[in-house]
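Colleague: Could you walk me through this one? I'd like to start with how helix packing is described before we get to particulars.
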Amino acid sequence: MDGLLLAGATFFLLVSFGYTLFTLGAGKFRPGTVNLTAILGGFVLLTVDLWMRGQAQGACPINSLFDVLVFMSWSILLIYLLVGPAYHLSLLGAFTSPLVFLILLIAQLGPVGPSASGRFVRDPWIEMHASLTLIAYGAFALAAVAGLMYWTQDRQLKARKAGALLYQLPPITDLGVANARLLWLGFFLLSAGFAAGFISGMQVNSSKFAASVAIWAIYGVILVLRRAHRLPPRRTAAASMLAFAVILVTLPVIQYLSSPK
Amino acid sequence: MNIVCAGISHRNAPVDIREKFAVGPHELEGMLKRILGIDGLAGAVIVSTCNRVEYYTASVCPIRVLDRLQEVLELRAGAGLTPLYTHDSPASVRHLFRVASGLDSMVLGETEILGQLKQAYQAASGYGATTRHLNKLFQRAFRVAKQVRSETSITRGATSVGAVAVELAGKIFGDLSGRHVMILGAGDTSERTARSLVSRGVRTVIVANRTFDRAARLAGEIGGMAVHFDHWQNAFEGVDILICSTAAPHPIVTREKLEPLLARRDGRPLFIIDLAVPRDAEPSLNELENVYLYDIDSLEQIVRQSLDVRRAEVVRCEQMIDSHVGDFMTWMRTHNDRPV
C-alpha cells in the first residue's frame, strides 16, 4: 500500500512536470488547475502515506534517508500550498513539481528503503527537532525555486525578448520578496528545530553538528547581508539556490551520521 | 430563421464613410424601431463603434430584409455611399464570433470590442429588440470570445510602444501604484507613455525638460512636478521608472552618473525607457544589477513579437470558432419553427 501511495504521488508530480514541459515547448504555458490539481493530489497521497507509516512506527516517520526524502517532499508541497496562493505564485507550483518529483524518484530508486515497522521509542523534542528541520528544508527548497524563477525573469527582462515565460512569471519584485520571505521562514523554522534539539539534550556526532551549524550559518549570512542591502535580490536568488544545493549534498551525510549504528 | 448581418468596418470603409453610418446612443432607439419595421425582420442588434457599424438581425427572408436594410441605411448615410458587406447564416454567425474574439479588429486580438458588443446587445435587449435566436447568438458569441481569449495567446503581449512599456513596468514592479516616474525630455511618445503609467496608478511624475515652461506645462497636465533639466539627478532618488526622450546628440544617462545614484536605492529595480534617437541612455546600463534598459528598437521588437504570436494563433482561434458555428447552426435548425 505504501509503495502504491508513493508511486501515485510521484505520478501526480510527473503529470504536473510533463504538462509544464509540454505547454512550455508549445509556447503556451499557463499555470493553473492542472498543476495545482496534480500537486494537491500528490500532497494528499503523501500525507496518507506518512500518516500510515507514522501509525505503524508510533513516531514521526523520519528514521531513514528514504523517510527523510519523502517527508521533505511533503514539506515542500505543504509550504507551497500555504505560501504559493498568498503570493499569487501559481507558476511556483510548476517549478516545484519537477523538484519534488526528482526527490521522490531518488527516494524510491535509492538503495535505502523505508525504516522497518515497529514501535520506535522517541523523545518528542527530538521528533520536533527533526520534523521542524525538514519543514525548514521545504521552505528553503521553495526559496530556491523562487530564486530560480527570479533568475529566469531577470534573464528574460535583460534579454529584452518577449518569451512565453516573461508573461507567465510573476513580477520580478514579487519574486524577490517571496524569495526573501521564504528564506526567513525557513531560517525561523530551522532555528526552532535547533532549539528543540538543544532542549532534548540529545548526543550529536560532531560532524553532523558542524554540518548543521554550517547550513544555519550560510542562511543566516545570506539574510543578514540581504537585510543590510549588501546582497542584491539577484545574488540573493543565486545564493538561495546554492545554499539549497548544499542541503541536498549534506542531507544524506547528516542522515547517515544520525542513524542508529 | 436566419441570422443576417450587414455593415461596414475599417476593412472596407475609411473613417469619413464610417462616421456617416455611426449610430449614437441617443439615436439607437429610433434606428432600432425603424429597422424593426422592415417586413420579415424579427429582431435586431446594432453595433456601432469607431471601427465598425453592423446590424445583426433575425429574419425568415434574408434577401428581402437585406434589400430593405440597404435602403434604410442609404437614406441615413446618403445614396451611393453604401459599401456594405452582408452575410446570412452561417457566415453571419461566424462573422460575429470572429468580431467578438478580436479577429476582425484593426489591432488583432484587442479585447475592447467584446465590451462594446455586450453594451450593444444589452441596449437592444433593453429596447425589446432582440429575439430568442439573437439572444442565443450573442450569448454564444460572448462564450466563444472568452474561450478564445483564455485558451489561445491571441491577446498576449502589447501592441504599441507605450503599452509595451506599461506591461514591462508591470512585469518589473507588479502593482504600479506608489511608483515614481521621471520624464527626461517632454516628447510626444514619452508623454503618452507617462499618461499610460499614470492611468495605471503611478504616484509621482517628475518632468525635466530643457525648456522649463514645457516641463511645467506637461507636469501640470498630468499632475506631476517639473524640475530644471540640469537638476534631474537631485530629484532621482525615489524614481522607479525613467523615461528618456531628449534631442541630445549624446547619452545623458551614463554609467558614471547613474552608479552613485543606484548605490543609494537599496537594491530597488530601475526601469529605463529610452525613446530617444540618438539614445539618451548608455546601452551598457542594462548590464547593471537591477537596471532594465529598453530602447525604442527593443520596444518595437516586442510589439512585432506580440503581433507575430497573435497572428500565429489565428488558425487555432478559427478552428474553435468553426466548432461553435457548427453547434449554433445545429441549435438553429432544431429551434427554427418555434414561435419567438
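Modeller: A convention first: a crossing is called left-handed if the near helix is turned anticlockwise from the far one by less than a right angle, and right-handed if clockwise. Please also keep in mind that this is a predicted model.

Colleague: Fine, so which hand does the crossing of α3(A) and α5(A) have?
Modeller: The crossing of α3(A) with α5(A) is right-handed. The two helices cover residues 65-83 and residues 124-159 of chain A, and their axes come within 8 Å of each other and cross at roughly 60 degrees.

Colleague: And how are α3(A) and α5(A) oriented to each other?
Modeller: Angles from 65 to 115 degrees would count as roughly perpendicular and those under 35 as roughly parallel, and α3(A) and α5(A) are therefore oblique to each other.

Colleague: Which residues make the contact?
Modeller: On the α3(A) side they include A:V68, A:F71, A:M72, A:S75 and A:I76, while α5(A) contributes, among them, A:L134, A:I135, A:Y137 and A:G138.

Colleague: How do the residues of that contact of α3(A) with α5(A) divide into nonpolar, polar and charged?
Modeller: In the contact of α3(A) with α5(A), 14 residues are nonpolar and 2 are polar, with no charged residue.

Colleague: Switching to chain B, how many helices and strands does it have?
Modeller: Chain B has 11 helices and 10 strands, and buried residues account for 45% of its 340 residues.

Colleague: What radius of gyration does chain B have?
Modeller: Chain B has 26 Å, whereas a compact globule of 340 residues would have a radius of gyration near 20 Å; along its principal axes, the C-alpha trace of chain B spans about 80 × 40 × 30 Å.

Methods
Residues are numbered from 1 along each chain as its sequence is written. Chains are lettered from A and ligands numbered from 1 in the order in which they are written. This is a predicted model: local features need pLDDT of at least 70, side-chain atom pairs count only at pLDDT 80 or more; totals for chains, interfaces and linings use all residues. Axes are lines fitted to C-alpha atoms, for helices over the stretch in contact, and angles run from 0 to 180 degrees between N-to-C directions. Helices (H or I, at least four residues) and strands (E, at least two) are DSSP runs, numbered from the N terminus. Angles under 35 degrees count as roughly parallel, over 145 as roughly antiparallel, 65 to 115 as roughly perpendicular and the rest as oblique. Two residues are in contact if their C-beta atoms, placed from the backbone, lie within 7 Å. Ala, Val, Leu, Ile, Met, Phe, Trp, Tyr, Cys and Pro count as nonpolar, Asp, Glu, Lys and Arg as charged, and the others, Gly among them, as polar. The radius of gyration is taken over C-alpha atoms; the globule rule is 2.2 Å times the number of residues to the power 0.38. A residue is buried if 20 or more other C-beta atoms lie within 10 Å of its own, exposed if 12 or fewer, and partly exposed in between; C-beta atoms are placed from the backbone.
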